Amino acid sequence: MGRNEVEDKVQNVVDPEDEHNGDPGDKKLKQEVGEISVERLFEDQEVPSWRKQLTKRAFVVSFFLSIPFTFIVMKLNLTTGIIPSLNVSAGLLGFFFVRTWTRLLQKSGLLKQPFTRQENTVIQTCVVASSGIAFSGGFGSYLFGMSERISKQSSDTHDFKNPSLGWSIGFLLVVSFRGLFTVVPFRRIMIMDFKLTYPSGTATAHLINSFHTPHGAKLAKKQVRALGKFFTFSFLWGFFQWFYTAGADCGFSNFPSLGLKAYNYGFYFDFSATYVGVGMICPYIINVSVLVGGILSWGLMWPLIENRKGDWYPASLPSNSMSGLQAYKVFIAIALILGDGLYNVYKALSQTILGLSHQLLTKKLSSELPVSDHSSPKSSQLSYDDKRRSQLFLKDQIPTWFSIGGYVAISAISIGTLPHIFHQLKWYYMLVIYILAPALAFCNAYGCGLTDWSLASTYGKLAIFTIGAWAGASHGGVLAGLAACGVMMNIVSTASDLMQDFKTGYLTLASPRAMFVSQLIGTAMGCVIAPSVFWLFYNAFDDIGNPGSEYAAPYAIVYRNMAIIGVDGFSSLPKNCLLLCYVFFGAAILINLIRDRVDKKWGRYIPLPMAMAIPFYIGPYFAVDMCVGSLILFIWEKINKSKADAFGPAVASGLICGDGIWTLPACILALAGVKPPICMKFLSRGSNGKVDKFLTSQA
């Protein structure tokens, strides 16, 4: 999730507690920091070569951090599909672990290389690249959507491929690296010439820069302490809740906090530390949009459509039938997602074309585009910071022939390999994708630089419809479309992630070569770690992917049904379902148009259709938790904004990490056959009366 306001929250290098204490020395430092450029603070520090930025300890720390971060992303992927930005958490924890390591070595006299902000950037890049594979790998969407378990919930029950650790790792290894080579030739154009913002990358850079100043290190220590406290609380709370979940619908996660009637329609607080933390990190409008979508669907539409059973669809159908109410839940959500996605693709393409045209006309880039030119922009137009950053950013060039050759070589390997994994995915389908992918990857990276919003999943959906319709039902169009979605998503997602990291590296003086190598190593780690973590979930929880389960993987059925629509059309939908899909598809476009046309002051209060669509299928329970997180942060900001800005992300990260890490021992206990001892259920008065009567009769 992009958060443009994060940048403002992480630039304060003065401890907010000291600021309130009125320490004159700190106030003086704050004034000096405001007057002196960032790079002048580091002027006396030598910038290590790109090889020295890639230290062994950096990759050891990255590996051990990648595992818990992958668990966190995987859990979110398999529950709601909302993945917040974890860049700040990765940068903070990377700083803490390596700083602790180097201090111990320094005391023992064994420290050979000090810990630098460039090494910190390498760690952050590697961790985010590795854990990002848990999302782009499709374990909660297209890849899991291929399985027999998900196919049984759709109208096509024959075209499936069950997940396997072997082919999952092989598939990711041949599709995940290609995107890294597509945007390398454009890094100077996007970062230096166009000066794209990349808000998350910029925010992370400011955070890392502040850590490596004396007061920034002091604040970072307090942030890590806060993260540790809430991590411990969240982990222990997850452990405590586990004791009461011996059966279905047991435990605090099923507490009818808003009443049993509301509980039956998904409105309750489920005491999830993860979703409360996500709510604290996500922008307020995201959380409100999810809640609005939940009220619209589960509060209004589904009860009304339920009353039409026997008319719109047969009353005898089970609740999970794709010919009954379930079809409305899935396909109306798809219509909202597609309307929002297509609008944003059009918007991104038009902004890219207009932006490029403007740059070419105003700056005459046609005569200045750097192919092998190492000269920096005119020095008279640059500040001291920009001069120093530009000089070092251009120092370690990545040759254009290397990026083009790498893309062609990996594409050739992929074309020769993927048909053996998916025989439905013909080589000429992939050839078309690989010809179009660099342009789409550029658009996604450019749009991400403007808005901090990656449209990787939207480009993947376009591939589902295009390749699925091309292949047709008789040639495995469903699996071909889902596999093509994976190929496209990985290309455009890793491309925007790399450019975001280039921006972070530019602002921390990390070498582009170090960033590229770190991204490669992190991606390689993720191609092994993410499938392994998913395989652990898949074997530990028998009901994973089933509606109503803890890990329902809501997007898996959504992506599969998109592929079915692309192949078979809309003929199997129940009465009025297609009409409602058209209405919500148009509504998504209209809402986006209004958001873009009205004044920004009012536009920021208009809900986001993509976020509104999430609860349509899985229910609004997590929206209640996220709004509780927003409320906590809102009150905290009203009481003490500087502390909320400084410690809010750390507290949220602790809540997310602790609950996310608890899933590891939970998986191990499930695999070992150890079940919780107690089932705590909350029943209606009538049900409680029956239980009391039964217990009395037994006595």
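Throughout this briefing, a residue counts as buried under 20% relative accessible area, as exposed over 50%, and as partly exposed in between, using a 1.4 Å probe and the protein chains only. The structure is a predicted model, in which local features need pLDDT of at least 70 and side-chain atom pairs count only at pLDDT 80 or more, while totals for chains, interfaces and linings use all residues. Residues are numbered from 1 along each chain as its sequence is written, and side-chain values use heavy atoms, with hydrogens and water left out.

**Overall composition**

- The secondary structure of the protein chain comes to 32 helices and zero strands, where helices (H or I, at least four residues) and strands (E, at least two) are DSSP runs numbered from the N terminus.
- Of the 699 residues in the protein chain, 57% count as buried.
- The accessible surface of the chain comes to about 29,200 Å², and 62% of that belongs to carbon and sulfur atoms; such areas come from the Shrake-Rupley method with a 1.4 Å probe, and for residues only the protein chains shown count as cover.
- Among contacts in the protein chain with a separation of 6 or more, 83% are accounted for by residues 24 or more positions apart, a contact meaning heavy atoms within 4.5 Å.

- Helix 6 (residues 56–79) has 24 residues and should span 34 Å at 1.5 Å a residue, which agrees with the 35 Å between its end C-alpha atoms; the expected span is 1.5 Å times one less than the number of residues.
- Helix 6 also bends by about 25 degrees at S66, and a proline, P68, follows within four residues; the bend is the angle between axes fitted to the seven residues ending at a position and the seven starting there.
- Because 18 of its 24 residues are buried, helix 6 is largely enclosed by the rest of the structure, and the helix is followed by G81, whose phi is positive, near 85 degrees.
- Helix 8 (residues 117–136) reaches 28 Å from its first C-alpha to its last, close to the 28 Å expected for its 20 residues.
- Helix 8 has 18 of its 20 residues buried, so it too is largely enclosed by the rest of the structure, and G138, which follows the helix, has a positive phi near 80 degrees.
- Helix 26 has 15 residues that should span 21 Å, in agreement with the 21 Å that separates its end C-alpha atoms.
- With 14 of its 15 residues buried, helix 26 is largely enclosed by the rest of the structure, and just after this helix G569 takes a positive phi of about 85 degrees.

**Salt bridges**

- The count comes to ten salt bridges, each being a side-chain nitrogen of Lys or Arg within 4 Å of a carboxyl oxygen of Asp or Glu.
- The side chains of R40 and E43 meet in one of them, at 3.8 Å from N to O; R40 is partly exposed at 42% relative accessibility, and E43 is partly exposed at 39%.
- K575 forms a salt bridge with D311, with the closest N and O atoms 3.4 Å apart.
- K575 lies in the loop between helix 26 (554–568) and helix 27 (577–597), and D311 in the loop between helix 18 (284–306) and helix 19 (325–363), so the pair ties together parts that are 264 residues apart in sequence.
- Both partners are partly exposed, K575 with a relative accessible area of 43% and D311 with one of 39%.
- R389 forms a salt bridge with D385, the closest N and O atoms being 3.9 Å apart, and these two residues are four apart in helix 20 (residues 384–393), a separation of about one helical turn.
- R389 and D385 are both buried, and salt bridges that share partners join E39, R117, D385 and R389 into one network.

**A nonpolar surface patch**

- W427, Y428, L431, V432, I435, L436 and W470 form a nonpolar patch on the surface, with about 700 Å² of accessible area together.
- Patches are made of residues with over 30% relative accessible area and no salt bridge, with like charges joined within 9 Å and nonpolar side chains (Val, Leu, Ile, Met, Phe, Trp, Tyr) within 5 Å.
- Helix 22 (residues 427–451) gives the most to this patch, with six residues; I435 lies in helix 22 and is exposed, with a relative accessible area of 60%.

**The surroundings of L479**

- L479 lies in helix 24 (residues 477–508) and counts as buried at 2% relative accessibility.
- Not counting residues up to four places away in sequence, L479 touches M146, D159, F160, K161 and Q424.
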